[in-house]
Amino acid sequence: FVAELAQSDRRQFLLCLAGFADLFCVSMVITCLPIHLKQIDMAPFYMGLFQSEYGAVQIFSSSICGRLVRRFGARNAHSLCCVASAAGYLALGLGPPDFPSLASLRLITALFKHTQTLQRTQLASSPDVSESRRIRLLGSHSTLSSLGFIVGPMVGGVAFDFGGFRLVTGLACVGFLTVGIATAVSAAAPAAEVAPKSSGRSSRPTPTSSALSAALAVADLLALQLPMSLAAQLFRHNFALALNSRFSASSAGAGLATSLGAVSGLLSGLSIGPLQSATGLGPDRLVLLAAAGQAACLSLASSGLVTSLAQFAAAQAPLSFFNGLARDAYPTLLRCRLVSSSFACPEAALTDAMAASQSVNSLARLLAPLLGGCVEAALPGHEAPSQPAAALISVCLACPLAAAAPAVNWLQSRRGRLAAGCPDADRKSR
């Protein structure tokens with residue numbers, strides 16, 4: 001991991017550090033936000049509505065991110081989103097403590113907090129980088145991001161006890177401003193990052209039609225991502241309450257199980273490079289492996305074979321590993337598919353595809369609580385019924401779609417011109 005960061009150039013190194021700072025700041029805020037809402041006596045219904053607002057808005061705000069990239073380039077759009085996110089978090093901490101005001105201020109971060117997607121897009125579209133190294137770079141970014149998500153809640157809790165929610169949002173504002181300024185003054189952007197409007201091609205399709213074309217080119221991968229993300233979100237629905245009903249686990253026990261999942265997610269970023277080097281698997285095979293591993297972990301953790309919290313943690317921890325594996329391999333697989341489809345501007349098409357992917361994740365975050373509530377209402381006497389439902393979705397939907405992904409990827413590569421960036425992935429698919 002350290003050697004991989006040492007080999008990266010300054011821009012790639014800054015993007016990996018930006019991933020750490022990003023989730024560090026976000027985890028500080030989301031850890032303290034429910035406590036802050038309870039302190040201002042917000043009703044439970046409005047608390048749930050307030051927390052669901054973010055995912056609902058991000059379903060549609062991904063297209064804004066794509067337009068910013070086409071207008072200003074990926075690096076400048078990332079800096080702009082960082083500054084806007086900093087302003088949004090600062091306003092959230094300083095705003096009036098009532099639901100209409102807080103909901104309006106949260107729209108700022110919901111609209112522009114696509115910084116993780118833009119970081120991964122820039123790493124996935126790095127020029128003159130082999131596919132294996134591109135996946136290792138994404139793994140390094142995922143490792144540092146997971147580390148930020150582990151450290152952030154601890155720092156946020158201490159800051160909240162010391163200075164309240166305003167101090168937490170102030171620290172998040174400073175963090176995002178630092179990331180935005182650092183990436184803005186980094187080395188000059190490569191030619192691939194120049195906005196499409198400056199290339200002089202007047203016959204290029206409009207951004208709306210290009211975004212739709214990019215999404216249609218990877219429609220099968222988006223269809224695979226939805227059940228995988230939905231299963232993972234549904235499994236974690238009311239996680240602490242589910243562990244309490246199944247194993248009489250305390251809040252500390254549920255927190256320990258969650259931390260083990262975060263640590264295993266960190267390990268996935270460290271191991272994806274050695275795993276690919278040892279097995280020679282392309283990104284499509286890695287996604288297939290991740291889907292099969294996710295289905296196995298969900299089925300085991302939801303089954304009656306697990307009778308204690310320790311056994312549950314041992315069965316659940318690999319779930320984050322396989323989710324991280326899919327998250328790291330997915331952008332490279334999207335890029336290979338778009339390059340094989342002969343898009344005129346692969347980086348802009350990749351941004352549109354990543355924006356569509358972010359919308360799918362947001363849709364899963366929105367559907368999981370609704371579906372989990374319906375399952376729990378239909379099976380009131382069952383202990384944590386949403387967990388077996390998550391395993392069922394993963395086995396019946398995600399695994400068949402993931403098994404078809406290598407074949408579809410090969411057919412796409414055979415039908416289009418294979419660009420120089422993806423020869424290894426096509427050879428392994430064959």
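# Close-up views of a helical chain

**Overview. The chain holds 16 helices and zero strands.** The model is predicted. Of the 430 residues, 52% count as buried. Contacts were also sorted by distance along the sequence. Among those with a separation of 6 or more, 84% join residues 24 or more positions apart.

**View 1. Helix H6 packs against helix H7.** H6 covers residues 115-124, and H7 covers residues 131-184. Their axes lie 12 Å apart, at an angle of about 155°. Angles over 145 degrees count as roughly antiparallel. H6 and H7 are therefore roughly antiparallel to each other. Their crossing is right-handed. On the H6 side, the contact uses Thr 115, Gln 116, Gln 119, Arg 120, Leu 123 and Ala 124. On the H7 side, it uses Arg 134, Leu 137, Leu 138, His 141, Ser 142, Ser 145 and Phe 176. By class, this contact of H6 with H7 has five nonpolar, six polar and two charged residues.

**View 2. Helix H2 also packs against H7.** The angle between H2 and H7 is about 35°, and their axes are 3 Å apart. H2 passes H7 in a right-handed crossing. The contact of H2 with H7 contains 32 nonpolar, 14 polar and two charged residues.

**View 3. Asp 41 sits in a loop between two helices.** Asp 41 has a positive phi of about 60°, although it is not a glycine. Is Asp 41 buried or exposed? Asp 41 has a relative accessible area of 70%, so it is exposed.

**View 4. UniProt lists several spans as "transmembrane region".** The entry is unreviewed. In the model, residues 12-37 are 100% helix and 0% strand. The end C-alpha atoms of residues 12-37 lie 38 Å apart. Residues 143-162 are likewise 100% helix and 0% strand. For residues 143-162, the end C-alpha atoms are 29 Å apart.

**View 5. Gln 225 is a buried residue in helix H9.** H9 runs over residues 219-235. The relative accessible area of Gln 225 is 10%. The cut-off for buried is under 20%, so Gln 225 counts as buried. Which residues does Gln 225 touch, not counting residues up to four places away in sequence? They are Tyr 330, Ser 357, Val 360 and Asn 361.

**View 6. Ser 259 is found in helix H11.** H11 covers residues 251-279. Ser 259 has 41% relative accessibility, so it counts as partly exposed. Ser 259 and Phe 149 are 110 residues apart along the chain. Their C-alpha atoms are separated by 9.7 Å.

**View 7. Leu 260 is placed in helix H11.** With a relative accessible area of 37%, Leu 260 is partly exposed. Leu 260 touches Ala 313 and Ala 317, not counting residues up to four places away in sequence. How many residues apart along the chain are Leu 260 and Gln 316? The two are 56 residues apart, and their C-alpha atoms are separated by 8.6 Å.

Key
Residues are numbered from 1 along each chain as its sequence is written. This is a predicted model: local features need pLDDT of at least 70, side-chain atom pairs count only at pLDDT 80 or more; totals for chains, interfaces and linings use all residues. Side-chain values use heavy atoms; hydrogens and water are left out. Axes are lines fitted to C-alpha atoms, for helices over the stretch in contact, and angles run from 0 to 180 degrees between N-to-C directions. Helices (H or I, at least four residues) and strands (E, at least two) are DSSP runs, numbered from the N terminus. Angles under 35 degrees count as roughly parallel, over 145 as roughly antiparallel, 65 to 115 as roughly perpendicular and the rest as oblique. A crossing is left-handed if the near helix is turned anticlockwise from the far one by less than a right angle, and right-handed if clockwise. Contact means heavy atoms within 4.5 Å. Ala, Val, Leu, Ile, Met, Phe, Trp, Tyr, Cys and Pro count as nonpolar, Asp, Glu, Lys and Arg as charged, and the others, Gly among them, as polar. UniProt positions are given in the numbering used here, feature names are shortened, and annotations may be inferred rather than shown by experiment. Buried means under 20% relative accessible area, exposed over 50%, partly exposed in between (1.4 Å probe, protein chains only).
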